[in-house]
Amino acid sequence: MRYDSRLGKYDGKTRPGGVRSTLCVSSQVGCKMGCRFCATGTMGFKSNLTSGEIVEQMVHASRYSQIRNIVFMGMGEPLNNYTALVEAIQVLTASPFQISPKRVTVSTVGIIHSINKFNNDLPNINLAVSLHAPDQDIRCHIMPAARAFPLAKLMNALQSYQSVSKQTIFIEYIMLDGVNDQEEHAHQLCKLLETFKVVVNLIPFNPIGSSSNFKTSSEQNVKKFQKVLRGIYGIRTTVRQEMGQDIAGACGQLVVSLPDERSAGGATLLSDIEDLRL
């Protein structure tokens, strides 16, 4: 994903910098979390990627662009493949890649036992939490796996993590029309986060065909939601820039298609990692 930092603003001022590339990395084939707004969840869980297969994504991407940031927000729940995740990040933050830990973000639905050891194993790595709802009932409705990770226990784990790491936590919140995007939900979310240092990222829902009945929140509702968080509670809030819809590769759209569903155009095959000259 290529961004131009100068196109955005912070505190009313144009951001410094220029063009930067962020790599969205997968940690599994499929996912067992079953989030109802995510196409990957319809696949079920197939397999974990090895640490080498995770790193290989960086190797291939580096042939096309200089990667500045890495986000573990592709297929799979990274903290359900914890050992390979830790090994891969240790490689990516060392020579020859030398990505700064501060530019690596791991996203999770809230695997509490892994969050409890995250800072010890991956210091200075950013943690993003796919919260997506301000209360347990809504969360369980759209994220069935949330039943195993009650919201109160998750928030306690995050409080402990932040008290030790001193890291800002990134909160991911998908905007679903009529489900979690009303002003009352914004106030509830702020109350939930009032003791935390966070950045909230509002994510427009990307259509995933007939596998979901959800609809994208209106731009007006997104702005109202953001206004509550920013204007009333002073919580730094961004709206995720949509990318990849044209190839069904946007946030929440990643799914393995059957061979006969793929484009007949035939994508160019990439060399395997063993054939690349580093």
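**Ground rules.** I am working on a predicted model, where local features need pLDDT of at least 70, side-chain atom pairs count only at pLDDT 80 or more, and totals for chains, interfaces and linings use all residues. I number residues from 1 along each chain as its sequence is written, and side-chain values use heavy atoms, with hydrogens and water left out.

**Overview.** I find seven helices and 12 strands in the protein chain; these are DSSP runs numbered from the N terminus, H or I of at least four residues for helices and E of at least two for strands. Of the 278 residues in the chain, 47% are buried. I then turned to contacts (heavy atoms within 4.5 Å): among those between residues at least 6 apart in sequence, 70% join residues at least 24 apart.

**Back to T108.** I place T108 in strand β8, residues 104-108. Setting aside neighbours within four places in sequence, I see T108 touching E77, L79, I115, L127, A128, V129 and S130. I also checked M73: it is 35 residues from T108 in sequence, yet 8.3 Å away in space, C-alpha to C-alpha.

**The core.** Which residues touch the most other members of the largest nonpolar core? I get F37, I70, F72, L158, L193 and V200, out of 76 residues in that core. Helix α2 (residues 82-92) gives the largest share, seven residues. A nonpolar core here is a set of buried Ala, Val, Leu, Ile, Met, Phe, Trp, Tyr and Cys residues joined through side-chain atoms within 4.5 Å.

**Helix α2.** I list Y82, A84, L85, V86, A88, I89 and L92 as buried in α2. The buried residues of α2 pack against α1, β7 (67-72), β8 and α3 (112-121).

**α1 with α2.** The axes of α1 (residues 51-62) and α2 come within 8 Å and cross at roughly 40°. Axes are lines fitted to C-alpha atoms, for helices over the stretch in contact, with angles from 0 to 180 degrees between N-to-C directions. That angle makes α1 oblique to α2; under 35 degrees counts as roughly parallel, over 145 as roughly antiparallel, 65 to 115 as roughly perpendicular, and the rest as oblique. I see S51, I54, V55 and M58 of α1 meeting A84, L85, E87, A88, V91 and L92 of α2. I sort the contact residues into eight nonpolar, one polar and one charged, where Ala, Val, Leu, Ile, Met, Phe, Trp, Tyr, Cys and Pro are nonpolar, Asp, Glu, Lys and Arg charged, and the others, Gly among them, polar.

**α3 with α5.** How do α3 and α5 (residues 151-165) pack, and at what angle? I find about 5°, with the axes 9 Å apart, so α3 and α5 are roughly parallel to each other. In α3, I112, I115, N116, F118 and N119 meet K153, L154, A157, L158, Y161, V164 and S165 of α5. This contact divides into eight nonpolar, three polar and one charged residue.

**α6 with α7.** My last entry covers α6 (residues 183-193) and α7 (residues 219-232), which pack at about 35° with axes 9 Å apart. E183, H185, A186, H187, L189 and C190 of α6 meet K224, F225, V228, L229 and I232 of α7.

Conventions:
Buried means under 20% relative accessible area, exposed over 50%, partly exposed in between (1.4 Å probe, protein chains only).
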